[in-house]
Amino acid sequence: MKKLILTTGPSLGGKINLNQIHQDKFIYRINGAHGDIESIKNTIINLRKQKADIDILIDLPGNKIRTSGISEAIQVEKDKDFSLKIDQFNYKEFYKLIKPGMEVYANDSVFLFIVKEVNNKEIIFTSKSTGLLLNNKGMHVRNLHNNIPFLFEKDKELIKLCNEFDIAYVGASFVRKASDIQELKQVLHSNTKIISKIETLEAVNNLYSILQEVEYILIDRGDLSTEIGIEKIPRFQNYIVEMAHHNAIKVFLATQILKNMEEKPIPTIAEIDDLYNIAKSGVFGVQLSEETAVGHYVEECVKILNLIQDEINNEKIIL
């Protein structure tokens with residue numbers, strides 16, 4: 001693997017200074033879905049104060065419907081109703097696009113809600129899950145995005161930041177067709193490299209044309225699994241990687257690479273096995289998300305990634 005994307009947050013860039021772990025192959029990711037524009041701007045400044053000559057990736061939130069303005073977590077219970085006001089979503093026209101009976105997968109499919117009633121004040125859901133619904137969590141409805149603009153207002157503001165600070169990479173979220181990338185290119189400085197995230201079924205169906213527009217893609221297995229079903233991820237992942245390689249496009253892979261290491265100092269054997277096979281498949285790199293943004297073992301995660309790469313570089317066949 002040539003590059004590693006490490007997500008910054010309270011852990012990396014906060015408790016842990018970049019100089020403690022830095023390697024030239026690192027790309028430092030700022031998740032644009034979290035924080036307002038001013039706080040993200042301050043994060044850029046802070047990261048560059050820690051290490052001036054670094055590659056930064058700003059990941060656009062994209063046109064993902066998210067909860068908004070929820071000051072206290074909402075307790076949802078299985079088979080019980082709850083409601084959200086129409087202004088408690090980042091896209092205020094959301095209520096016009098959904099109908100009773102539709103399924104909503106929330107918080108990366110942790111929750112399933114069924115739309116019970118919609119009016120011009122609120123949406124009433126029947127929850128099929130129990131837990132706490134937090135602010136800024138995804139609310140995914142399959143096959144909904146035909147009438148939603150590719151770039152939301154926050155995306156446009158973040159693009160301005162990318163141009164202002166000469167950011168090395170931008171992550172294009174919820175790409176569905178090549179024209180989405182073309183739209184982004186019109187407002188983004190040409191020296192910023194676009195990483196097109198493949199996380200929708202439509203993007204997979206339009207993969208060849210998308211690959212003609214970019215040098216890099218990133219397979220986001222979390223959001224993609226919400227669209228296609230988690231059991232299909234291995235097959236789709238292999239197809240996307242093969243298509244990208246056939247077209248000489250560099251591939252990053254994301255989601256739960258070292259999930260266990262958010263809370264524990266070592267990965268599971270299953271994670272090591274998967275990481276080894278990912279690296280052997282010829283991907284350009286992987287992305288760590290919560291593992292480095294909020295995890296307790298950032299340095300240990302980096303060590304594991306290096307150990308796997310060393311193992312691949314130095315392995316010998318034992319007869």
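Which residues line the second largest cavity? The structure examined here is a predicted model, in which local features need a pLDDT of at least 70 and side-chain atom pairs count only at pLDDT 80 or more, whereas totals for chains, interfaces and linings use all residues. Residues are numbered from 1 along each chain as its sequence is written, and side-chain values use heavy atoms, with hydrogens and water left out.

A search of the whole structure finds 2 cavities of 30 Å³ or more, a cavity being, on a 1 Å grid over the protein atoms alone, a set of points where a 1.4 Å probe fits but cannot get out. The second largest cavity holds about 30 Å³ of space, where a volume is the space filled by probe spheres set on the grid points, which are joined across faces, edges and corners. The lining of this cavity, made of residues that have an atom within 4 Å of a point, consists of Lys64, Tyr105, Asp108, Ser109, Gly138, His140, Asp223 and Thr226. By class, this lining has 1 nonpolar, 4 polar and 3 charged residues; here Ala, Val, Leu, Ile, Met, Phe, Trp, Tyr, Cys and Pro count as nonpolar, Asp, Glu, Lys and Arg as charged, and the others, Gly among them, as polar.

Helices (H or I, at least four residues) and strands (E, at least two) are DSSP runs, numbered from the N terminus, and a residue is called buried under 20% relative accessible area, exposed over 50% and partly exposed in between, with a 1.4 Å probe and protein chains only. Because 8 of the 8 residues of helix 6 (residues 221–228) are buried, this helix is largely enclosed by the rest of the structure. The N-terminal end of helix 6 is capped by Asp220, a side-chain oxygen of which lies 3.0 Å from the backbone nitrogen of Gly222, and the helix is followed by Gly229, whose phi is positive, near 100°.

Not counting residues up to four places away in sequence, His140 touches Glu103, Val104, Tyr105, Thr226 and Glu227, contact meaning heavy atoms within 4.5 Å.

The second largest pocket contains about 210 Å³ of space, a pocket being an open set of grid points with protein on both sides within 12 Å along at least five of seven lines. Of the 14 residues that line this pocket, the closest to its centre are Ala33, Arg66, Asn90, Asn136 and Lys154, and the lining divides into 3 nonpolar, 7 polar and 4 charged residues. Asn136 is found in the loop between strand 9 (131–133) and strand 10 (139–140), where its phi is near 65°, a positive value in a residue other than glycine, and at 19% relative accessibility Asn136 counts as buried.

In soluble globular proteins, nonpolar side chains tend to be buried together.

Ala293, found in helix 9 (residues 290–293), counts as buried at 10% relative accessibility. The C-alpha atoms of Ala293 and Gly9 are separated by 4.2 Å, although these residues are 284 residues apart along the chain. Leaving aside its neighbours within four places in sequence, Ala293 is in contact with Thr7, Thr8, Gly9, Pro10, Ser11 and Leu12.

Key:
A polar contact is a pair of N or O atoms within 3.5 Å; within protein, one must be able to donate a hydrogen and the other to accept it, and residues adjacent in sequence count only if both atoms are side-chain atoms.
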